[in-house]
Amino acid sequence: MSNRVYITGVGIISAIGNNVSENLSALETGRAGMGEMNYLQSIHREKIPVAEVKLDNEMLAVASGLPAHFTRTALLSAIAAQEAFSNASIPGFTKLRSGFISANTVGGMDKTENFFSDFLSKPAKGKLRNVVHHECGAATEIVASLLGIKHHIATISTACSSSANAIFYGARLINQGMLDVVIAGGTDALTKFTLNGFNTLMILDNRYCQPFDENRRGLNLGEGAGYIVMVSEKVAQTLPSIPVCTLSGYCNANDAYHQTASSPDGTGSYLAMKGALEKSGIRAEEIDYINLHGTGTQNNDIAEGTAIKLLFEGHYPPMSSTKSFTGHTLGASGGVEAVYSVLSIQHGLIYPNLRFETQMKELPFTPVTTFKKNEAVQNVLSNSFGFGGNCSSLLFSKV
Amino acid sequence: MYLRAAATISPKGSFEQVLATTASVPGIRLACAEPDYSKLIDTRMIRRMSRIVKMGVAAALQCLNEAGEMMPDAIIAGTAYGCLGDTEVFLQKMVENNEQLLTPTAFIQSTHNTVAAQIALLLKCHNYNNTFVQGGFSFENAMTDALSLLKEGQVKTVLTGGIDEITDTSHAILKRFGLYKREPFTTDNIFQSRTRGTIAGEGATFFVLQSGVSGNDYAQLMEMETFYKPASLVEIEQHISAFLKRQNINRSDIDLIISGENGDMKNDEVYEKLYQSVFTGIAHTTFKHLCGEYPTATAFALWLAANILKSGKLPVGLLLKKKPSTVLVYNHYQFTYHSLYLLKAC
Amino acid sequence: MADLKKQIIAQLNLKDLKPEDIGDDQPLFVEGLGLDSIDALELIVLLQQEYKIKLANAEEGQSVFRSVRTMAQYITDHQGKAAE
């Protein structure tokens, strides 16, 4: 197959670590990233736990090489994207046609919401530099220029499936011969806007979330960024060693049921997973691990679980929601979880679903609860479903 | 690829109204002429929709109706600003109520994918659904995605469009950034002003793109191209020349260029220089006096090009030697986002 | 109950309805007025804002918001003693 898309690098920052190795060690030791808000200023501080990246903007600025007054969304993106880029170390990069395809849901809202309180008092008030990077595309522009990428830049915003769609769009541009190398994923910072928004939907857990548990109460919001570097077969041949992981399948489908809720039978989730399998030519029984969307809300987990039940009947693979570690990083989640999926294949790992206690009565399976090493992991399915019925699944395979 | 259908909700209304337009509009911003939505959208769904969502959904439905295709294989939207109205409503309440007594509706409709998602929901369409939000490339990204899906061959019909709104708040903020003119002007003298600043605009424009010819298409889209942050005018010229060369097109083959002058003297200088170099001697017209300046305005330009090619009719004041059969759209948004579209009559 | 109907219409932006169009016992959700889960969340805020009554969780709404009458009854039962 000549149009394989290889994954040559990964980069991540999340509530459980500022780089790949810190994330891996937290996953292995079962250390979750939720806690009381430290950097986000909100009246809900004592009631609603969140999964913050454990660095303030000054420290993020140092780590990213950007000014500290930039949006947290851009700072997080810069750190993870640069790690992925250096991890990939592609020879002759500047001569290749490259793309940076990112995703987020609220752009520079972390700064805009501060601007807005001043602006409301008087339209001439509020520092313009706090709103200049409001648009979702702004963080992408900033990071693309850090990476020296000009050939193609794009930002996708499809709620919680945003970065899964960014990865899959990037892979298609490589497949079509438009680009040789793409850094794709997503970023989102915690903001009062999203915290209060999800709070109005009454789906935030005031304890640490318990995805796929009968007694689940809701989700914890998180923040972070995750990117993978994809290259064409031709570029892969020039690398010192051929990468072990490929993006073998993907699918985007719409639930078309409700603006925020998933359909009870998980139509969108089912179509996305099924489409990804079909695209890759891999059978359901060949999947070795599913990184669940698994937000911990009543609605998501039953919809996703029902779709898995239908598609994997009789041979349920090990599965878990790493949101039990990172919280739900919204537009970044598809990128963060793509990184975990690639690492799963590269190192033979399966991650635990923390705090799981009671099997959901509607489902004949339970998630994995312990960290597993040295597993034969050939194919990993990663799910990202969200608002607006936007459902996407990515399938990663070992060469 | 073929433009099977095209629909816009713009400050000018229909193509006939664009053709008839001689009236000059005074003011600081061009607002869309909105239709009676109750004729287009299920009233039970309208009650939650903000203005931009209604505009986007209505333009999309008009477009699908025209194509007679109510189940596209993909729905792809581009929007730089997203749903500003609802974002502001929620932000304002959050600030004023100090994070208390907030309601969910504005929040859930504030997400950037609302328009594409609402279209899917109305059509009960489970197919591919995507939303791009890359500033002045938001519509171009959506088009790139649409064309690549068609080229991959697994889909035949794609609904794609560009949507952006101006609200009182966004207008006030962007004005502080110096984007808009401060002195009084009208839409007919905007290009003669020789001052900085443009006129704010907005719009929702959708297309049905198909890989096969239908016999009733607006135009054939030969190719599109984007380039990002060119370092100099020479680099812009190189990109344009290379694009035309790849399409085997000479200057003399182009009957009309629709270009993105917006009344800001610095912005327009780029076009003036190109009309003295790579575009020398080609007839040209503008479009932003009709729709104003906004990040996805190229969707309106493409709509205008498609209508001119289909009807053979030209906007007032534009005289050509023959009925146009080849039209090039060129735009740059704030010197950063450049795009080219080459269209041919069917 | 007429006041409550007015408040419901305003909160949910049910522009084409008048208070008298909503029957006291007409189901508010699905087959009745056609409201959905987001409307339920809006009604929870309405109770909080207008009547200072706080529902513990969204599920409780299912029985409270069955009809205008059940809502009015709930308000009468809980008014004054809902302070947290």
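The questions below take the terms one at a time.

Tutor: Keep in mind that this is a predicted model.

Student: What makes strand E4 of chain B largely enclosed by the rest of the structure?

Tutor: A residue is buried if 20 or more other C-beta atoms lie within 10 Å of its own. Eight of the eight residues of strand E4 (residues 157–164) of chain B are buried, so the strand counts as largely enclosed.

Student: How do you know that both faces of E4(B) are covered?

Tutor: In a regular strand the side chains alternate between the two faces of the sheet. On one side of E4(B) are B:Thr157, B:Leu159, B:Gly161 and B:Ile163, and on the other are B:Val158, B:Thr160, B:Gly162 and B:Asp164; all are buried.

Student: Why is E4(B) said to pair with strand E2 of chain B?

Tutor: Two strands pair if DSSP finds at least two bridges between them. Strand E2 (residues 74–78) of chain B and E4(B) have five bridges, in the parallel sense, so they meet that condition. B:Ala77 stands opposite B:Gly161.

Student: Which sense does the pairing of E4(B) with strand E5 of chain B have, parallel or antiparallel?

Tutor: Antiparallel: E4(B) and strand E5 (residues 203–210) of chain B are joined over eight bridges. There, B:Thr160 has B:Phe207 as its bridge partner.

Student: What makes the radius of gyration of chain C agree with that of a compact globule?

Tutor: Chain C has 84 residues, for which a compact globule would have a radius of gyration near 12 Å; the chain has 12 Å, so the two agree. Its C-alpha trace spans about 35 × 25 × 20 Å along the principal axes.

Student: What are the elements of chain C, in order from the N terminus?

Tutor: They run α-α-α-α, that is, four helices and zero strands. Of the 84 residues of chain C, 30% count as buried.

Student: How do you know that chain B touches chain A, and how many residues are in contact?

Tutor: Two residues are in contact if their C-beta atoms lie within 7 Å. By that test, 44 residues of chain B are in contact with 47 residues of chain A. The side of chain B that touches chain A has 22 nonpolar, 16 polar and six charged residues.

Student: Where is chain A divided into domains?

Tutor: Domain 1 covers 5–238 and domain 2 covers 248–398. Between them, 59 residues of domain 1 of chain A are in contact with 52 residues of domain 2 of chain A.

Key
Residues are numbered from 1 along each chain as its sequence is written. Chains are lettered from A and ligands numbered from 1 in the order in which they are written. This is a predicted model: local features need pLDDT of at least 70, side-chain atom pairs count only at pLDDT 80 or more; totals for chains, interfaces and linings use all residues. A residue is buried if 20 or more other C-beta atoms lie within 10 Å of its own, exposed if 12 or fewer, and partly exposed in between; C-beta atoms are placed from the backbone. Helices (H or I, at least four residues) and strands (E, at least two) are DSSP runs, numbered from the N terminus. The radius of gyration is taken over C-alpha atoms; the globule rule is 2.2 Å times the number of residues to the power 0.38. Ala, Val, Leu, Ile, Met, Phe, Trp, Tyr, Cys and Pro count as nonpolar, Asp, Glu, Lys and Arg as charged, and the others, Gly among them, as polar. Domain bounds come from an automatic or database domain assignment.
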